[in-house]
Every structure is written in structure tokens, then in C-alpha cells.
Amino acid sequence: MTPQAKRIAVVEMQAETAISERRACQLVGLARSTLRYEPRRSLEDEQLQARIIELAQERRRFGYRRIHALLRREGYEINHKRTYRLYREASLAVRQRKRRKGVAVPREPLTLPEERNAVWSMDFIFDALSNGRRLKVLAIVDDCTKELVDLVADSSISGHYVCRVLDRAARFRGYPQAIRTDQGPEFTGKALDQWAYQHGVELKLIQAGKPTQNAFIESFNGKFRDECLNEHWFHSLDHARAILRQWRQDYNEHRPHSMLGYITPVEKAEQLRKQ
């Protein structure tokens with residue numbers, strides 16, 4: 001039995017019985033001086049712990065071993081056990097981030113649909129405003145006609161946000177038969193899954209780490225970054241949305257597409273309607 005356990009036993013015996021402290025200590029084999037001993041923290045420990053807390057706040061993902069290395073680099077003569085004790089007493093343990101497991105999906109051959117609204121592809125492209133604020137862009141492309149169904153920019157886009165964008169697009173052109181995406185959290189969450197079930201849309205998830213399985217949207221992403229994002233300096237979110245709106249219209253109505261025989265996506269859609 002450890003000294004700490006003996007202390008607890010003495011306290012419990014005295015609380016539940018009329019036994020004296022001396023007798024309780026004799027029964028568990030604990031010296032009375034040990035029972036009454038209260039450790040005193042040295043000024044050096046307090047200063048050292050204060051420095052450990054400062055380092056942990058500066059480098060939030062550092063554990064005690066890296067902080068110990070920084071302390072040694074600063075000239076502190078301290079072993080890792082002491083660092084660990086002071087680190088734990090300050091409740092500085094780093095919470096481990098759970099690695100998100102990919103969804104197991106069968107690999108499907110990438111084929112070009114022959115009908116409009118047969119398959120849409122979705123993906124996110126990231127950029128930044130002039131003030132450094134993150135810009136997240138959701139791109140939705142019709143795999144058959146290469147029409148840019150929608151191009152939405154915001155600082156943050158959740159799964160529910162994606163569903164609202166899809167509903168808005170469907171009001172003008174109908175719902176697709178299927179949507180192909182990667183395994184991002186916005187696409188594998190409950191919100192999009194329920195939306196797809198309600199509207200009879202099949203979700204085609206590509207295998208984790210295999211962007212070539214969604215090659216149509218990846219090809220678009222390269223064009224979009226090269227011809228739009230790299231050519232503009234966005235002052236604000238409203239400014240970015242205005243530029244993207246103009247670029248989407250130009251992409252659909254004026255820009256010739258090599259995969260369509262150098263006609264525009266709108267012209268391709270018109271050909272299919274006539275057929």
C-alpha cells in the first residue's frame with residue numbers, strides 16, 4: 001500500500017469510527033509525521049512551471065517532451081521527470097486529435113455522361129482575401145455539358161450550406177441523378193446524405209486520396225485557379241462573389257471548351273436539348 005493510500009485509509013477510519021489518529025496510523029503502518037506532511041513547493045518550481053505554461057501557450061500542440069527540449073535549450077538544468085510532473089500539475093496534457101477514417105467505397109470507372117444532369121461533380125477550392133481572411137469556394141460542374149452549375153464563395157461552408165446551394169441550383173435546372181465528390185467532411189456528413197435520400201440523388205464518393213477518380217472537377221479546378229483566382233485580388237467577400245459571378249457567366253456562355261470541340265457549355269446544353 002502506497003503512503004497516499006495509507007493516508008486515505010486513516011482519514012476514512014477516523015471519519016467512520018471514534019478511533020484516534022495514533023491508533024489508525026499504527027493499524028495501517030503509517031508514521032504520524034508522514035500523515036501530517038504537506039509538500040512545499042519551492043520558488044524555483046513555481047518559476048519553472050510558469051515558464052512551462054508560457055511555452056505551452058505559445059506552442060499549443062507541443063507535449064512535455066518538446067517543452068522539455070526547449071527548457072534545456074534555454075539553459076534550465078532539469079530532467080524530463082520533473083518537467084513531466086510540473087507539466088501535469090498545470091493540466092497541460094495535449095488532447096490527441098483523432099484521425100478521421102475514410103469511407104470504404106468501391107472504385108468506379110470515370111465515364112463521360114451522355115445526358116445533362118446525369119452526374120454533377122463538386123469540390124472545394126481555397127484562396128484568401130487581401131486581408132488574409134480565408135476564402136472557400138464550392139464549385140459544382142455538370143460532367144456532360146461542362147456547365148458550371150454554381151460557384152459559391154464564403155469564409156466557411158458546412159454540409160447544410162452545401163444542401164441549400166444544391167436546392168437553389170435544382171430550382172432552375174432540376175435535380176441530378178448523381179453527384180460525385182471526394183470524402184471531405186461536408187460531403188460525408190449526415191446533412192448531404194439525408195438531402196440525397198430525400199431527392200433520390202445518388203452520392204458517388206471517390207476513394208480517399210484518389211483525386212484522379214474525380215478528374216472532371218479537378219480539371220476545372222486548375223482552369224479556375226489559373227484563369228480567375230490567380231488573376232484577381234479580392235478586397236472583400238462581396239468583391240470576390242461579384243468577380244466569381246461574372247467569371248461563371250463567361251465560362252458558361254463565352255469560353256470555348258476543348259473537351260466539347262471548342263464550343264461553350266451553354267451551346268453543348270442546347271445541342272442536347274435539340275436532340
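Student: Which strands does helix 11 lie across, and at what angle does it run to strand 3?

Tutor: In this predicted model, local features need pLDDT of at least 70 and side-chain atom pairs 80 or more, while totals for chains, interfaces and linings use all residues. Helix 11 (residues 237–253) lies across strand 2 and strand 3, at about 170° to strand 3. Contact here means heavy atoms within 4.5 Å, and the angle, on a 0 to 180 degrees scale, is between N-to-C directions of axes fitted to C-alpha atoms, for helices over the stretch in contact. Helices (H or I, at least four residues) and strands (E, at least two) are DSSP runs, numbered from the N terminus.

Student: What does helix 10 lie across?

Tutor: Helix 10 (residues 215–227) covers strands 1, 2, 3 and 4, at about 35° to strand 1.

Student: Why is the pair Phe220 and Phe224 called stacked?

Tutor: Phe, Tyr and Trp rings (six-membered for Trp) pair with centres within 6.5 Å; planes under 30 degrees apart are stacked, over 60 edge-to-face, the rest tilted. Here it's 5.8 Å and 5°, so stacked it is. Both sit in helix 10, four residues apart, about one turn, and both are buried (under 20% relative accessible area; exposed is over 50%, partly exposed in between; 1.4 Å probe, protein chains only).

Student: What makes Lys136 lie over the face of Phe124?

Tutor: NZ of Lys or CZ of Arg must be within 6 Å of the ring centre and within 35 degrees of the ring normal. Lys136 is 4.4 Å from the centre and counts as over the face. Arg164 does likewise over Tyr161, at 5.3 Å. Side-chain values use heavy atoms, without hydrogens or water, and residues count from 1 along each chain as its sequence is written.
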